[in-house]
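Sequence and structure come first.

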Amino acid sequence: MALRPKFDIESMFAERKAAGKYVKICAPMVRYSQLAFRRLVRRHGVDIAYTPMIVSDSFVKSARAREADFTTCSHDTPVVAQFAACNTSDFTKASSLIAPYVDAVDLNCGCPQKWAMQDGIGAHLISKPELIADMVQSARRNLNIPVSIKIRLRETTKDTVELCRRAEQMGVAWLAVHGRTPKERRCPVHFEEILAVKDALSVPVIANGDIFSLNDANQVVQRTRVDGVMSARGLLANPALFEGAPLTPKNVVEEYVTEAIQTGTSVHIMHHHVIFMLDKLFGRIERQEFNRLSSNAAVIAYLQSNFDMQFSIPQLTLRKKQDLNSGNELLRMQIRNRKAHEYGGGSGSGSGSGSGGGDRFAICIKN
């Protein structure tokens, strides 16, 4: 597959602002914002979709991790690849590897999960503004695509604004702010702090947190004057929320299942997405019955029988995932990496090695 032209995300922000509109974004979601879901939400009001958070050191060291963590296609645009990193080298190397296939890269400074904090990634980074600045600056020097960051709030508004200003000085193209601290979970979002960040910066600012409907998004923009809004859980429950749909329309579920099967999404992930989308329609017994389904064919049969859904999926795509390689739906392209010593691929556990000692960089690319 020939590399597609880059999408100019910065121009999109400028054009929407000039028109009095805002950019609608699908957040990075571990396991869930994969190719099939990104393609789906873009058809239903999303302007930009992020990949799941990718751990940069594994991505650099392991061909298997690269193949598992990132799948794309010629129509997967605009797309932003998000990395978690605890040092400048890993972030820069991982970003350089993925840069030919995405429109921007993002540094995760917001994941509050315990394991991430202990590993020195995610929201742990907001306590290290100098490190964030170094990571951004290094990536900017080495890439020809935009670099952004996504953060959570620091303990004070002053500290949050200071962090964001420093990132802007180092060259971030835009910045997403989840309006809670790493310790906060389901408490109300601090929109006043997002407004403070917006007022302090010149680059576009994205608001994240508790966007469950189009009305929520509109109200957040009114309160914060941000350039974009980012939704995670809201889009999982209703991929058509930016179109104003109160619940996931039946045709959207049909589209997702078709996309998931044709792009080789695991039945486990597809199953979870359908549960999220139909959550308000499932009772306890229905949920238990659906949770027992373990194959694509069983999921399709259940949705046809219980929700009168219709699917037009070639028989080929209902076979085991490894059999898809012989069909037109899937093209697996092996791309030789640069020399192993440049990216450290030859020494990492799980890495393959080529005849010249270099690592083999496998990205799963679909037509």
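## Asp 47

Asp 47 sits in the loop between helix H2 (35-42) and strand E2 (48-50). Helices (H or I, at least four residues) and strands (E, at least two) are DSSP runs, numbered from the N terminus. This is a predicted model: local features need pLDDT of at least 70, side-chain atom pairs count only at pLDDT 80 or more, and totals for chains, interfaces and linings use all residues. Residues are numbered from 1 along each chain as its sequence is written, and side-chain values use heavy atoms, with hydrogens and water left out.

Asp 47 counts as buried because its relative accessibility is 13% (buried means under 20% relative accessible area, with a 1.4 Å probe and protein chains only). Leaving out residues up to four places away in sequence, Asp 47 touches Met 12, Arg 16, Tyr 22, Val 23, Lys 24 and Pro 78. Contact means heavy atoms within 4.5 Å. The side chains of Asp 47 and Arg 16 are joined by a polar contact of 2.8 Å (a pair of N or O atoms within 3.5 Å, one able to donate a hydrogen and the other to accept it).

## Val 253

Val 253 belongs to helix H12 (residues 250-262). Val 253 is buried, because its relative accessibility is 1%. Beyond four places in sequence, Val 253 touches Thr 248, Met 277, Leu 278, Leu 303 and Met 309.

## Helices H14 and H15

Helix H14 (residues 284-291) packs against helix H15 (residues 296-307) at an angle of about 150°, with axes 10 Å apart. H14 and H15 are therefore roughly antiparallel (angles over 145 degrees). Glu 286, Glu 289 and Phe 290 of H14 meet Val 299, Tyr 302 and Leu 303 of H15.

Technical notes. Buried < 20%, exposed > 50% of the residue type's maximum accessible area, 1.4 Å probe, protein only. Axes fitted to C-alpha atoms, helices over the stretch in contact; angles between N-to-C directions. Parallel < 35°, antiparallel > 145°, perpendicular 65-115°, else oblique.
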